[in-house]
Amino acid sequence: MLIARRLYVYFIAVVGLAMAAAGVAHLLALGSARVYQALGGAATQQSSESVRRDLSLYVALVIVALPVWLLHWWLAERARHRTDPDGERERASSIRALYLTFVLAVTFVVIFNSCIDLIIRLLAVFFRPPVSYEDPRGIWLPIAELLVALIVHVYHVRIRLRDERGGPLEGPSNWLPRLYVYGAAFTGAMLFLFSFTDLIRLVVDVVFGSNLSQIGGRWWADPLTTHTAPALVGLAIWGLFWSFSLRTLRRSDWLGDSERRASLRWLYLYAIVFIGVLFTIIDINSSLVALLRLILSVPRNVGQESSTRAILDPLLQTVPFVAVWLYHRFVVLGADSAQARTPGAESVRRLYTYLVACLWLALAGFGSAAVLSILIDLLLGGSRTQSVSSLVWRSDFARFSAYVLVGVAAWLWQWREAQRRAADDVRTERVATTRRIYLYLTLAATLVALLISLALIVYRVISVVLGVHAGSGFASAMSRPLGVVIIAGALFAYHLTVLRRDLALLAETQSGTLTVSLTLTLPRGADIDATVSTLREQLPEGYALALSRGATQTVQLSTAVERPDSDDAQAAIVGVPGAVAK
């Protein structure tokens, strides 16, 4: 009953608020434009009839929607301020948190879009880029939207802070607003990174020349304004929300403790590190390809950029990604050990490690197979490397060699870290789900590649026997599947060895076990399955609970504890690493 009521109240409140805010913003824009015109400013491009039509529409929106929002928000606040348990349940409601998070996210988008628009218009005054704005209300609409969105945003932020002061919040009512904070910080960081990269590319165009320079005049003014504005706004947004996260982390109340244990914080950190590493390595790879093509004397096509620019441009574009990556990596490495060892932090760290290792292993494997196929073709005298178009294979050799160098280095970096942790904590790391997924995914992918390539080799051989294929074309046709077979076979054998080693070490550590039984007494009518499910969710990775019901309302929770040298039968479930179900 209460859930249905909350869904109705907050849904109508969202709709009413959106309509009222849109109406108020457009009314402010219309009024500001008319006042500016009356003071001697430029006249608007709207006809008198168009102005009256817009005025009628937006006044109607405000008249209808604003009372609706006020009524339903009053109902929500009245339920929130009740002194009985229903008032506390309203404060801690997931639906209320979803409403606040949605409003904050939408107004956040409006704010940063309006800021970007205003900064572009401001820079246009100085640089006069060849950009025309068709909006008849000109600059007044983004100003009005920014003002209204700020008012709505600040008000709902204050509401959320007041709810937090009421006491601890759990579940979605706790992590939904945190998702907004880190989502906004991530958005700001990405906006800054890619916009700043575009600015670097513009500087390179100015130094080395660009096709746009043939237009003449200030051809760089338009891209300068359109890239500078989002870079400034993105940096400001990231700084604002990241500093808020740091301040929350230092708090000594329940909110600070929750922030230190939050998985979302670690997900944000590793996501930023992943993006930084990914684009840094992509740019380094591009620069390395250009360098290898220069070394192999691969001629440039007509209109293609110079070798110097091809080498330097990607390296310069790595600067913002390297800076953001190093800063967030410093935050990760400098985190308190208690924060870094929480189950959520460990899970996110494993996900990052094995995801990155999988990506770079795929790049290294693909590049290695391609390079090896070219070398086999050269050795066998295939038409692929002996024909008139031999420059093509040299260009491919440079590109795939860069994949090998970059992919192998990046994979070894992550894999060495994964193996070190697996050696330090056999019972947890080697049975981790993410590690098993990585190993089995690699085994499956390499085995499929092996099967397909071996089938192609057998097909080519039979074709030659039957007189279908012969000559230099046979060598080129064989070179590709042979390269794949060699590389895929090596990767399959290595990862199969790693998996067998994991299983052997795990078996050694489980040679002696001690079963510990705990008794959980529940009140009459309690939801046993839900309680046990909640307990299971709190256990670290690799732990398990076994449930058995007796004649009474007593639940036996059993777990096998890997402590062969201990006689302590009172070991706590969550205190012993590596426990597995008996």
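## Helices and rings: worked exercises

The protein has 18 helices and three strands; these are DSSP runs (H or I, at least four residues, for helices; E, at least two, for strands), numbered from the N terminus. You're looking at a predicted model, where local features need pLDDT of at least 70 and side-chain atom pairs count only at pLDDT 80 or more, while totals for chains, interfaces and linings use all residues. Residues are numbered from 1 along each chain as its sequence is written, and side-chain values use heavy atoms, leaving out hydrogens and water.

**Exercise 1.** Work out how helix 12 and helix 16 are arranged, and which residues make their contact.

*Solution.* Start with the geometry. Helix 12 (residues 343-380) packs against helix 16 (residues 433-465) at an angle of about 15 degrees, and their axes are 9 Å apart. Here, axes are lines fitted to C-alpha atoms, for helices over the stretch in contact, and angles run from 0 to 180 degrees between N-to-C directions.

Next, name the arrangement. Angles under 35 degrees count as roughly parallel, over 145 as roughly antiparallel, 65 to 115 as roughly perpendicular and the rest as oblique. Helix 12 and helix 16 are therefore roughly parallel.

Now find the contact, meaning heavy atoms within 4.5 Å. Helix 12 brings Arg 350, Leu 351, Tyr 354, Ala 357, Cys 358 and Leu 361, and helix 16 brings Thr 434, Arg 435, Tyr 438, Leu 441 and Thr 442. Sorted by class, that contact has seven nonpolar, two polar and two charged residues. (Ala, Val, Leu, Ile, Met, Phe, Trp, Tyr, Cys and Pro count as nonpolar, Asp, Glu, Lys and Arg as charged, and the others, Gly among them, as polar.)

**Exercise 2.** Describe the ring pair of Trp 69 and Trp 73.

*Solution.* First, the rule: rings of Phe, Tyr and Trp (its six-membered ring) pair if their centres lie within 6.5 Å; planes under 30 degrees apart are stacked, over 60 edge-to-face and the rest tilted. By this rule there are 26 aromatic pairs. Trp 69 and Trp 73 are stacked, at 6.5 Å centre to centre with 5 degrees between the planes.

Then place them. Both sit in helix 2 (residues 48-80), four residues apart, about one turn of the helix. Trp 69, at 11% relative accessibility, is buried, and so is Trp 73, at 5% (buried means under 20% relative accessible area, exposed over 50%, partly exposed in between, with a 1.4 Å probe and protein chains only).

Finally, look around: ring pairs link Trp 69 and Trp 73 with Tyr 10, Tyr 99 and Tyr 155 in a cluster.

**Exercise 3.** Is Arg 178 buried or exposed, and what does Arg 178 touch?

*Solution.* Find Arg 178 in helix 6 (residues 172-208). Its relative accessible area is 8%, so Arg 178 is buried. Leaving out residues up to four places away in sequence, Arg 178 touches Ser 258, Glu 259, Ala 262 and Leu 264.
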